[in-house]
Amino acid sequence: GSASSISGASVTYAAGGGGAGVGGLAGLGGSSIGGNAADTGAATAGAVNTGSGGGGAKAGFATGGNGASGIVIIRYADTYDAASATTGSPTITVTGGYRIYKWTGSGSITF
């Protein structure tokens, strides 16, 4: 995964999923947010809203995990005007001299 502070706090995004199980071994997902692989049973999904990969699965013995949903973050200096309209209910914060819009679903922004 890759750490980013764009939202005002350090958060890790886009970790890889664990590799498929072989011989009783299954790989772990990256940065604790990527899905874990499975040798038998079901692999786990990537952590929600991180864009991380799901865990792999041993063919015929396990089910792969889903990749995670993504996130959109827009950050700019708070000396500029706020958006005139948004859709999709973004989380809006103003901190550290920045205005931050964060969507975990569909949405839009108009300036």
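Close-up 1. Asp-78 is partly exposed, at 30% relative accessibility. The exposure classes are buried, under 20% relative accessible area, exposed, over 50%, and partly exposed in between (1.4 Å probe, protein chains only). The model is predicted: local features need pLDDT of at least 70, side-chain atom pairs count only at pLDDT 80 or more, and totals for chains, interfaces and linings use all residues. Residues are numbered from 1 along each chain as its sequence is written, and side-chain values use heavy atoms, with hydrogens and water left out. Asp-78 belongs to the loop between S5 and strand S6 (85–87). Strands (E, at least two residues) and helices (H or I, at least four) are DSSP runs, numbered from the N terminus.

**Close-up 2. Contacts of Asp-78.** Setting aside neighbours within four places in sequence, Asp-78 touches Val-94, Gly-97, Tyr-98 and Arg-99. Contact here means heavy atoms within 4.5 Å. Asp-78 and Ile-100 are 22 residues apart along the chain, and 8.7 Å separates their C-alpha atoms.

**Close-up 3. The Tyr-76 and Tyr-101 pair.** The structure holds 3 aromatic pairs. One of them joins Tyr-76 and Tyr-101: the rings are stacked, 6.1 Å centre to centre, with 15° between the planes. Rings of Phe, Tyr and Trp (its six-membered ring) pair if their centres lie within 6.5 Å; planes under 30 degrees apart are stacked, over 60 edge-to-face, the rest tilted. Tyr-76 lies in strand S5 (residues 72–77) and Tyr-101 in strand S8 (residues 98–103), so the pair ties together parts 25 residues apart in sequence. Tyr-76 is buried, with a relative accessible area of 15%. Tyr-101 is buried too, at 2% relative accessibility.

**Close-up 4. Phe-111 against Tyr-76.** The ring centres of Tyr-76 and Phe-111 are 5.6 Å apart and the planes stand at 75°, so this pair is edge-to-face. It links distant parts of the chain, 35 residues apart: Tyr-76 is in strand S5, Phe-111 in the segment after strand S9 (108–110). Phe-111 is exposed, at 59% relative accessibility. Ring pairs link Tyr-76, Tyr-101, Trp-103 and Phe-111 into a cluster.

**Close-up 5. Charges over rings.** The charged end of Arg-75 sits over the ring of Tyr-98, 3.9 Å from its centre. Lys-58 lies over the face of Phe-61, at 5.0 Å from the ring centre. The criterion is NZ of Lys or CZ of Arg within 6 Å of the ring centre and within 35 degrees of the ring normal.
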